[in-house]
Amino acid sequence: MILITGGCGYVGSHAVARLLELNQDIVVLDNLSNSSKSVIKQINKISDKKFKFIHGDLNDRTLLISLFKDNKIDTVLHFAGVKSVSESIKFPTKYYLNNVAGTINLLKVMEQNHVFKLIFSSSATVYDPENQIPWKEEFSTDKLKHPYADSKIMIENILKSICNINKKWKIGMLRYFNPIGAHSSGLIGEFNINKNTNLMPNINKTFLGRQNSLYVYGNDFQTKDGTGVRDYIHIEDLISGHLRARDFIQNKNGIFIWNLGAGKGYSVLEIIEKCSTIYGKKINYKIVDRRPGDLGEYWADIRKSEKELNWKPKRNLDRMISDTYKFIIKSKNNLF
Ligand code: NAD
Ligand code: UFG
């Protein structure tokens with residue numbers, strides 16, 4: 001059985017849907033701090049296969065102990081975590097308690113139950129900004145950044161350390177670039193758009209009239225049109241990368257790092273333009289000052305993932321945006 005932490009969130013819900021489609025037995029743990037139980041209803045429309053849901057927190061050790069006692073867990077896909085850069089600057093200890101301490105708790109209970117297979121959601125935010133583009137897995141991650149990034153770096157280091165000491169661990173750390181898009185059914189996607197400060201949720205808020213205009217954070221970067229350039233990857237390609245990573249670690253001890261991106265960059269203006277075309281409505285925007293801490297451009301070198309995982313992102317930008325549109329139209333009453 002696979003334990004999916006954070007399985008009601010944006011990325012985790014797509015993993016749940018895919019694993020159910022593959023007829024896998026899963027149990028989901030989520031404290032619903034950034035998601036809703038309604039996501040489970042949506043997943044149940046995608047697959048007839050049922051799964052267990054446990055409403056609880058990673059930091060509840062007693063709950064984790066009974067979860068592992070009651071379910072024969074073999075592998076953990078660990079998505080649960082808080083992820084807002086700006087919130088992490090306001091409340092740094094929240095990020096260390098939730099992400100770092102929560103993960104340590106999970107590792108402790110895994111160890112006690114002899115469960116050593118783990119796929120962890122890391123982020124491109126761990127890379128030091130001065131690394132040459134495209135970013136490769138072996139590039140440096142030494143610098144302190146903001147508490148969100150630092151929490152991911154700390155977890156990566158803890159995972160490296162436990163693997164160094166106990167050779168039974170089989171761990172895949174996946175560094176996501178910018179996942180966007182939605183399930184091809186339009187039934188699940190990024191539901192929590194109100195509090196979210198990422199580009200696509202803000203475009204969707206503008207499209208739905210929840211805000212008058214999108215703010216574009218700076219047009220004076222050294223990039224093709226002056227706006228920020230990022231590596232956007234379709235959420236379903238991101239999930240297929242997880243499944244390949246899960247298969248890879250089955251028979252290999254140790255720790256492995258893979259980038260999950262598309263390997264190329266699009267600017268904010270290119271994304272807005274594409275959304276205006278596919279959504280059939282102009283997305284109004286205003287250029288404002290840079291957002292503190294934002295980098296001009298970066299994208300992933302995905303050759304290691306392609307080679308070792310035999311994985312390739314298949315869905316292009318049109319598909320990312322058209323699946324988002326399908327989701328927004330179909331699920332607009334469920335967005336929060
Ligand atoms: P999300 O907020 O949509 O999902 C995270 C889920 O974890 C939520 O359902 C939340 O309720 C749950 N959760 C949080 N803390 C928990 C805890 N202590 N105990 C139990 N449940 C808890 O976020 P997401 O976009 O799905 O991201 C998933 C993971 O991927 C996170 O670890 C995030 O840092 C990482 N990541 C995301 C992105 C991105 O752009 N979405 C990029 C890089 C890395
Ligand atoms: N942007 C805008 N307006 C908005 C929101 C974003 O112009 O309203 C711009 C940003 O300045 C940036 C680009 O759109 O140039 C993408 O910004 P996002 O906030 O969508 O994503 P980031 O690249 O800043 O960060 C995301 C996740 C991080 C993760 C990182 C990894 O939010 O958690 O990708 O690459 F670490």
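Predicted model: local features only at pLDDT ≥ 70, side-chain atom pairs only at ≥ 80, totals over all residues.
1. Seven strands make up an open sheet, and their order across it is 3-2-1-4-5-6-11. The pairing is parallel. In general, strands of a sheet pair through backbone hydrogen bonds, either parallel or antiparallel.

2. Now look at the two edges. Strand 3 (52-55) and strand 11 (254-260) sit there, each pairing on one side only. From one strand to the next, the twist averages 20 degrees.

3. For one pair in detail, find strand 1 (residues 2-5) and strand 2 (residues 26-30). They run parallel and are joined by four bridges. Within this pair, I4 stands opposite V28 of strand 2.

4. Helix 1 (residues 10-21) packs on the sheet, where it touches strand 1, strand 2, strand 4 (75-78) and strand 6 (170-176). The direction of helix 1 makes about 155 degrees with that of strand 1.

5. Next, turn to ligand 2. It is surrounded by 22 residues, and the closest are S123, N198, Y215, R230 and D294. The shell divides into 12 nonpolar, seven polar and three charged residues. Strand 8 (214-217) and helix 7 (199-207) each supply at least two of the shell residues; the largest share, four residues, comes from strand 8.

6. Taken alone, ligand 2 exposes 680 Å², and the protein buries 91% of that.

Conventions. Residues numbered from 1 in each chain as written. Chains lettered and ligands numbered in written order. Heavy atoms only, no water. Pairing = 2+ DSSP bridges. Axes fitted to C-alpha atoms, helices over the stretch in contact; angles between N-to-C directions. Contact = heavy atoms within 4.5 Å. Near = heavy atom within 4 Å. Areas by Shrake-Rupley, 256 points an atom, 1.4 Å probe, with all protein chains shown as cover. Nonpolar A, V, L, I, M, F, W, Y, C, P; charged D, E, K, R; others polar.
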